[in-house]
Amino acid sequence: MKLSLIFVACLLVVLNISYSTGTIIEIETKVIYHPESCLDIKYLRPDVEWNGFYTIYDKEDGLHTVYCDFNSEKPYVWTLIESFSRKIGIFNSKEKGHSHFQRSFAYDYPYNECRPDQFDAYRSSLAIRKLIAQSKTTTHWRATCNFDQYAKGKVAQISHDDYMRTSLCYLSANTVTSSGGSCYKLEYINIGGHSCSNCLQPFWTSSVLHLGIISSQTTIRCSKMRFGHTIANEYNWGGYRNYNEEFSCTATPNSTTNWWFGGVYNPGDMLHNVKKV
């Protein structure tokens, strides 16, 4: 069932002003909050628990449907910004729209942007990615594999094998236009059951190459980490000029790669970090 929730929270502030005459004037001021991410929605409606499709606002009060993950990795809340299958994401794909999934996130190239239910081929617009990333509650990004299996109830939880997450302060995924193996800090990365925390990993991206890692290069760059089942010239989480079927995102033609923006939900923060209109 599609959930489309539009939240507008009004905060009424009553100001009592006393004059020498003893007159009291009550001034009613409305402060309106518009959610710009799934985490904003969670702050506005703490009772929201169901993963699914929700509505966020842009700067002109335009409405946009996004997929929200409130449950897979509490206390994090995530907004899906892109998802694609191996068959459309590989470098030499013949699938319609494949070129949209061969780009740095700094370039627009939306695809099925109004259909975040299309886990096999969905890419939000650059404007929406910027909106979500610049929300005061957004602090992190992550990349997962086969989240659609969890969303459809086929698995009970997401896997943290073949998974990575870090702060936007360490790597602003939305703004990197090119990288030829530059080192960026990841809070956590796992490929094939081999993981590290707070380590440096090399990233590649360009106008014709999706942001990702070439795990066969990690042994000689940055933290010099060796991952388990790596093969020569193996791309992970995008690009896929060569891929490994032992890597979950590329195990089958229908396996999916999923990218997200989000942050930690802290009930004590209340609305302090949600932008006012």
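The model is predicted, so local features need pLDDT of at least 70 and side-chain atom pairs count only at pLDDT 80 or more, while totals for chains, interfaces and linings use all residues. Residues are numbered from 1 along each chain as its sequence is written, and side-chain values use heavy atoms, with hydrogens and water left out.

View 1. Helices (H or I, at least four residues) and strands (E, at least two) are DSSP runs, numbered from the N terminus. The chain has 277 residues, of which 51% count as buried. Buried means under 20% relative accessible area, exposed means over 50%, and partly exposed lies in between (1.4 Å probe, protein chains only). Among the contacts in the protein chain with a separation of 6 or more, 58% come from residues 24 or more positions apart. Contact here means heavy atoms within 4.5 Å.

**View 2. Helix α3 covers residues 126–133.** Of its 8 residues, 6 are buried, so helix α3 is largely enclosed by the rest of the structure. The buried residues of α3 are Leu 126, Ile 128, Arg 129, Leu 131, Ile 132 and Ala 133. These buried residues pack against strands β3, β4, β5, β6 (121–123) and β13 (256–264). An α-helix has 3.6 residues a turn, so residues three or four places apart point the same way.

**View 3. Glu 36 and Lys 59 meet in a salt bridge.** The N to O distance between their side chains is 3.3 Å. Glu 36 lies in the loop between β2 (24–33) and α1 (38–44), and Lys 59 lies in the loop between β3 (52–57) and β4 (63–69), so this pair ties together parts that are 23 residues apart in sequence. Glu 36 is buried, with a relative accessible area of 7%. A salt bridge is a side-chain nitrogen of Lys or Arg within 4 Å of a carboxyl oxygen of Asp or Glu. The structure holds 11 salt bridges.

**View 4. Asp 69, Glu 73, Arg 142, Arg 165 and Glu 187 are linked in a network of salt bridges.** In the salt bridge of Glu 73 with Arg 142, the closest N and O atoms are 2.8 Å apart. Glu 73 sits in the loop between β4 and β5 (76–85), whereas Arg 142 sits in strand β7 (residues 140–145), and the two are 69 residues apart. Glu 73 also meets Arg 165 in a salt bridge, at 2.9 Å from N to O. Arg 165 belongs to strand β8 (residues 163–167), 92 residues apart from Glu 73. Both Glu 73 and Arg 142 are buried. The relative accessible area of Glu 73 is 9%, and Arg 165 is buried at 15%.

**View 5. A disulfide joins Cys 38 to Cys 68.** A disulfide is a pair of cysteine sulfur atoms within 2.5 Å, and here the S to S distance is 1.9 Å. The link of Cys 38 and Cys 68 is left-handed, with -80 degrees about the S-S bond. Cys 38 lies in helix α1 and Cys 68 in strand β4, so the pair ties together parts that are 30 residues apart in sequence. Both cysteines, Cys 38 and Cys 68, are buried.

**View 6. A disulfide joins Cys 145 to Cys 249.** The sulfur atoms are 1.8 Å apart. Cys 145 lies in strand β7 and Cys 249 in the loop between β12 (235–236) and β13, so the pair ties together parts that are 104 residues apart in sequence. The torsion about the S-S bond is about -95 degrees, so this disulfide is left-handed. Cys 145 and Cys 249 are buried.

**View 7. Cys 196 and Cys 199 form a disulfide.** Their sulfur atoms are 1.9 Å apart. The torsion about the S-S bond is about 55 degrees, so the disulfide of Cys 196 and Cys 199 is right-handed. Cys 196 and Cys 199 are buried. A search of the whole structure finds 4 disulfides. Counting bonded cysteines along the chain, the pattern is 1-2, 3-8, 4-7, 5-6.
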